[in-house]
Each structure stands twice: as C-alpha cells, then as structure tokens.
Amino acid sequence: MKLEKILTDEEVREILGLDNDYSESAIEDFSNSATYFIYQKTGYKNEPYKPIHPLAKQLARLYLRSSFYGNDGHNMSDRLDYTIGINSLIKDLEDVVRFGGLEK
C-alpha cells in the first residue's frame with residue numbers, strides 16, 4: 001500500500017539537521033519509514049486529513065530524531081530519549097483515528 005508521506009523531504013532535512021548534499025534517497029527513506037511506522041502503530045493515514053494532523057507531524061518528528069540520533073553509533077545516543085513522547089503520541093493518534101480528530 002502506498003501512503004502519502006507525513007513529512008516532506010525538506011521537513012526531514014530540517015528535523016535532522018542535514019545538509020543539502022545529503023542523499024535524496026536516504027531522506028525519502030527516512031520520510032517513508034516515519035509514515036509507515038505511524039500507520040503500523042496507529043492506523044493513521046493522512047489522506048482523509050487535510051491538513052495533516054499535527055499529532056502525526058509531531059510523532060513523525062520524534063520518531064525520526066529517535067531513529068537517527070538514538071542509534072549506538074551516534075554521539076548523542078546516550079543523551080536523547082524520545083520513548084515517552086513517542087508512546088504517548090501513538091496513543092493520542094490512535095484516538096484520533098478511532099474517534100475522529102480534525103474535520104475530514
């Protein structure tokens with residue numbers, strides 16, 4: 001299933017502090033991984049929500065930061081933990097999907 005990305009490539013670049021010469025395919029992979037992670041965990045698809053729900057944007061940001069900066073090879077891995085924020089946003093976004101959120 002093809003899902004509309006929650007974050008644009010430019011948003012991914014800004015969130016992760018990436019230079020303009022960073023691989024476009026890697027940036028697209030980051031954006032797609034956040035979108036599919038959110039869909040898998042919450043059932044959220046942004047197609048019926050215009051604009052994209054702000055909780056989905058925030059969850060995508062935290063997920064990317066956690067994935068990018070939280071790996072063992074990164075010098076910030078011992079200082080950053082987004083687990084509580086990610087888990088609470090997953091629950092909140094599940095409720096949006098289940099009960100409705102913004103106008104469709």
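What percentage of the 104 residues of the protein chain count as buried?

**View 1. Overall fold of the protein chain in a predicted model.** Of the 104 residues in the chain, 35% count as buried. The secondary structure consists of four helices and zero strands, and the pattern read along the sequence is α-α-α-α. Among contacts between residues at least 6 apart in sequence, 69% join residues at least 24 apart. The accessible surface of the chain comes to about 6,300 Å², and 50% of that area belongs to carbon and sulfur atoms.

**View 2. The largest nonpolar core, which has 25 residues.** Ile6, Leu16 and Ile38 are the residues with the most contacts inside this core. At least two core residues are supplied by each of α1 (9–16), α2 (24–42), α3 (54–69) and α4 (83–99), with the largest share, eight residues, coming from α3.

**View 3. The surroundings of Ile6, one of the residues with the most contacts inside the largest nonpolar core.** When its neighbours within four places in sequence are left aside, Ile6 is in contact with Glu11, Thr35, Ile38, Tyr44, Asn46, Ile52, Ala56, Lys57 and Ala60. Among these partners, Ile38 also belongs to the residues with the most contacts inside the core, while Ala56, Lys57 and Ala60 are buried residues of α3.

**View 4. Helix α3 and what covers its buried residues.** This helix has 16 residues and reaches 22 Å from its first C-alpha to its last, close to the 22 Å expected at 1.5 Å a residue. Its buried residues are Ala56, Lys57, Leu59, Ala60, Leu62, Tyr63, Leu64, Phe68 and Tyr69, and what covers them includes α1, α2 and α4.

Key: Residues numbered from 1 in each chain as written. Predicted model: local features only at pLDDT ≥ 70, side-chain atom pairs only at ≥ 80, totals over all residues. Heavy atoms only, no water. Core = buried A, V, L, I, M, F, W, Y, C linked by side-chain atoms within 4.5 Å. Buried < 20%, exposed > 50% of the residue type's maximum accessible area, 1.4 Å probe, protein only. Contact = heavy atoms within 4.5 Å. Expected span 1.5 Å × (residues − 1). Areas by Shrake-Rupley, 256 points an atom, 1.4 Å probe, with all protein chains shown as cover.
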